[in-house]
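Please open the structure in your viewer and keep the selection panel at hand.

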Amino acid sequence: MIRIRNLEAGYEKLKVLKGISLHVNHGEIVTIIGANGAGKSTLLNTIASLITPSSGEILLQGKDVTLAPPDRIVKEGCVLVPEGRQLFPTMTVKENLILGAYTLFGHKKSNDANMNLEQIYKMFPILNDRQSQLAGTLSGGEQQMVAIGRGLMSNPVLIMMDEPSMGLAPLIVKDIFKVVETLRNQGKTVLIVEQNAKAVLEIADRGYVMETGNLVLEGSAEELLDNNDVRRAYLGKDYKEFTDMGGGE
Amino acid sequence: MTSEQILQYIFSGITVGSIYALVAIGYNIIYNTTGIINLAQGEFVMLGGMIAYSLSQIMSLVPAVVLAVLITGAVGSLIEIVFIRRMKKSSVLGMIVITIGISIIIREIALLIWDEQIRALRFFTGNEISSIDILGARISPQVLWIVGVTALIVMALYLFFRFTLTGQAMRACSSNTRAAKLCGIRTSRMVNLSFMLAAGIGALGGCLVSPLTQTHYSMGSELAIKGFIVAILGGLGNPMAAVAAGLLLGLIESFSISFLPMVYKDVISILILLVILVLKPSGLFGSRQTSSLKDF
Amino acid sequence: MKLKKYYPIVLLAGVLVLIQLLTLITGTAYYLTQLTMAAYYVVVALGLSMVMGYAGQISLGQAGFFAIGGYTTAVLTTFDLTDKISRPFFAFLDKIGLLVHKVTLYGDSIVHLSPWISFILALVLAGVVAYSIGVPVLRLKGHYLGMATMGFGIIIYRIVLGTHIFGEADGISNVPAFPILPGITIGGDFSIRIINYYTAWFFVILAMVLLLNLINSRTGRALRSLHGGEDAADAMGVNTAQYKVKVFVIGAVFAAAAGVFITHYNGGIGPSESSVAKSVRYVAIVAVGGMANLWGVLIMGLFLNFLSLRGLFGVYDDAVFGIILVIIMMFFPDGLFQPASLNRIKRILRGK
Amino acid sequence: MKRILLTLLTFTLIMSTAFANGQGEEETVKIGAILAVTGGASFLGAPESKTIEMLAEQINADGGINGRQIELIIKDSAANPEKAISFAKQLIEEDKVIAIIGPSTSGETMQIKDLCESYKTPLVSCAAAEDIVNPVASYVFKTPQKDSYVAELIFQTMNSMGITKIGVVAANSGFGNAGKGQLEKYAPQYGIEIALAETYDRAATDLTALLTKINAEDVQAVVNWSIVPAQSIVPKNMKQLGMDVPLFQSHGFGNIQYVIAAGEAANGIIFPAGRLLVADELPDSNPQKATLVAYKNAYESRYNEPASTFGGHAYDALSIIVEAAKKADSLSREDLRNAIESLTGFPGTGGVFNYSKDDHNGLGMDSLAILTVKDGAFALY
């Protein structure tokens, strides 16, 4: 599905990604875990072409898209559901979703867009009720639903998610991750970046561990869950907190 | 003051106000997609009038106006490609300064092409001495054109931004540029489109007012300032409120003449600007929230 | 006190003497006229450089402060007090030497106020106006600040243009010379041209010394942190609002002082000195000089004003400044006299 | 430090090359001109500049001043007084001109009046204000007709029409203010009541509100004293408002372009102006006719735009200087001044000039004619 080789990128003089190589197979949920500032978001932003890489290559379904503009990436079937949702706060829920299908309209596929819209409403019925409400006025969980829905509108094959659980109540996080699993079951591929390592490893097939711009560890979700280093660094405190909070509810 | 006089002042205010509103709409369109205040907006009005005048010498009025709008739109697009696109990383200060520079350059080029003479496009209907009686007040038929077309532009813009995909995409760029990119919207194309649209609307305004107010190479800066006052008054980024604010400022200016020497008319409107800026920068018609969620 | 930082100033003084000697030898002393006028405009630009470059605030109304200075002194020193001199207040002023008696070219004798009084009043007025404008307006940011300062400039322009005592569109002429010290008079007479040249540049150097000291003072450091980002400066405990206003007032007082001097040097002032176009020109000079680079601003201010005042740009005078603004902002947003830009120019020259 | 040193050094170099420029040929006679070719008064300065460029070529082709070619040095002040001052000093001292033409506006002229007087350089201004020649400065002359003549002529016409109550509107330019002042000064002498006198911004583009205010006063006529663009807007706005009273304008209306801009609304406007605009209508016996027709035809064929009275003022300024220089004892500034002052019976575009020790304008009220607009063209009233 996607293959990345020796990717380097950053801001001005600061190099954030120091030679990243990874791949995601069709139908997988792959996660990248790591501490704050490790470069996880930068990696996704670079794949989505919001940041131009300084070297390396990105192959999407075998096509080289290293230097393609952001709209090409979307057209090739790869969308990013960004960190912090990044909705259009002053536009209605429906408008937000429709814009997700922007790339379809150029190719006379506006019927697809309407069909997708219905599917999204089926997946998140609450959005159907709120379709003419301004997106900025929704709750955090609803906003995350709009963000995911918007990403799905363009018929992507690969969905990248950046910290989908951030700022959400644990119950909602569970719902969101359930949706991610559903997506995989529908044949989509998901690349997901999370700080909430425990929760994400429970649904992921494989995972990478990222530290200061490098991928230091790779393995199946089970392997990573069992890995001592990972447990100490990423699961220890988080794990405890998560179970505490989860248990409290 | 008799009721006819009051009505006459109102008409005068609406005429002037519509012109201000057209300039302010241009500001808002560009501001919404780029966050730039394009101080060269007044020059588009001048260019529209001048180009239409020159073309009207060799063709009839309607194609001259249409061509003038298209050409000025192309100029707007060119300005974006040549100057603005390269300024991505620039500060607000840099943006103010460069648009001022651009406006000076356009003005000087206009001086070279059309020299210092004043030009006036012919009246759309009637002529210089036609006058329509409305409830005892009298106006030129051109005023109806100005007000009518302004209303049409506002409506068309509303429909465009609300119901067309391109319009929604432009609003998306203004709302959240990053997210717009992630949706596969080519933001640079939207920015370019906004310059084209703003220039075209400015040019149409220039054609509309030319028969009444005439066109002169240096008319732009005056309008740019008035248009900006109106844009602020209405709340930056809100074209609908700009129309209301434009009419309001037009009326204030018109009525201020009845009790103050006309020379200080501009002092009044700028004082209003300063007071608004200091007390309520979100504009008269915007609450603080809506201005933070800037929208069409 | 580190004397080393004054070496460039000594060097500047040397160059100025050199230029004067050069004009003397070549019999081209008339160049000093425009060099003198340019010097005063440089003072305005230096003040604006502090506001824009060091404090990171934009002012599109600097010509307004210049006009406050120029018009205050022009109005006060052209008012004929002949029939008021018997009143006790004016008689007292006359006694302590603050009134000037003179005979005009056309043989009328007049009495007018000493320019010293109007000079001081002009500076105070400019400072007070700058402070009262600055406190509310400098809270604004970006476009709002730019337009608010421009609005201030336009108001001054409109008032000057619409008010009888300011001569409306004609401006004020016949402003007397300003004897600042025995033997030193600011005035347009060709015989005192060399004195005027050195006087004007003395003020430039004075301004430079003052500003260089300010930059290296506690205030200066606060200013730089302010430019780096206001939130950061606030976090460091710098009272940003107070420093911004302070610099704004300094810039205004510099502009007003230059306005007073040049009005006496020219013998008059007109509304064009307060126009937005003039304010934009100052901004262009500061931009091309490198924003926060007093030396760059000094040199470019001198250079551009000198050429403009000599009419070298002909009918393209405004266009030149427009093009400068665009080129600088597009290619050298930090200004020409900045290391990054200089490197860039070097690269271009090397053909890369 | 190194950088500063380097820049200072390059600057000195640039300056010294500037100083190195040698002087021009001694043969030519230099005449300076300070005109507002661009900027707010460009409608004055631009035709003035074009006119004297054309005229200087003609004069040189005809042998110049007693065989010496003239060299014009035209400086564009853009109506900025500080530039006018700088240029005046430059022309006087550096270029050593024998005389200066201009400036275009009254404000600038007043700023350099004393300078020219102190340095004994003849100045022939193209600006209208009366202050330029009152008090008389021995070296300062002007060519446009006095404002007071224009005002008086307007009132005389009103008297003949039986108008007694008028409204006055004027632009807030030097020109407009001076005119308004003259109207207010002479109105009582002619038994005319000014019901309302208002100034408006000189760049104003819609005056319906102001005219509504005037209309409410039941005036019998309106006088507008302005320059571009208002002189075409006032008639249009009056027609829109359905005001049927006659409109009088100042001599600032003296360009057919303004009639074109005002279109139908221009018909019936009454204004005093020099006879340039109706040159072809004049009888052959008129002393000015030859000059007027020659200038008009030459200008219009060369620049492909109608001649205006403004260009005419510069035409007069240059021809007066050249005529005087031909008659002067020498080309020294003092002799030239004397020659200008003693110039009489000289037909220019603005009228027949008769300069004297007390009159540095040299034109009588007969230099103006009352004109009107008929079918989009100027005609004698």
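This is a predicted model: local features need pLDDT of at least 70, side-chain atom pairs count only at pLDDT 80 or more; totals for chains, interfaces and linings use all residues.

Residues are numbered from 1 along each chain as its sequence is written, chains are lettered from A and ligands numbered from 1 in the order in which they are written, and side-chain values use heavy atoms, without hydrogens and water.

**The two domains.** Select residues 1–77 and 157–249 of chain A for domain 1, then 86–155 for domain 2; such bounds come from an automatic or database domain assignment. Their C-alpha centres lie 23 Å apart. The contact (heavy atoms within 4.5 Å) takes 13 residues from domain 1 of chain A and 11 residues from domain 2 of chain A.

**The interface.** The two domains of chain A bury about 990 Å² between them, 79% of it on carbon and sulfur atoms. Buried area is the accessible area (1.4 Å probe) that two parts lose on being put together, summed over both. Across this interface the rule finds zero salt bridges, a salt bridge being a side-chain nitrogen of Lys or Arg within 4 Å of a carboxyl oxygen of Asp or Glu.

**The strands.** Strands are DSSP runs of E with at least two residues, numbered from the N terminus, and two strands pair if DSSP finds at least two bridges between them. Select strand E1 (residues 2–11) and strand E4 (residues 55–60) of chain A: five bridges join these antiparallel strands, and Ile2(A) has Leu60(A) as its bridge partner in E4(A).

Methods: Helices (H or I, at least four residues) and strands (E, at least two) are DSSP runs, numbered from the N terminus.
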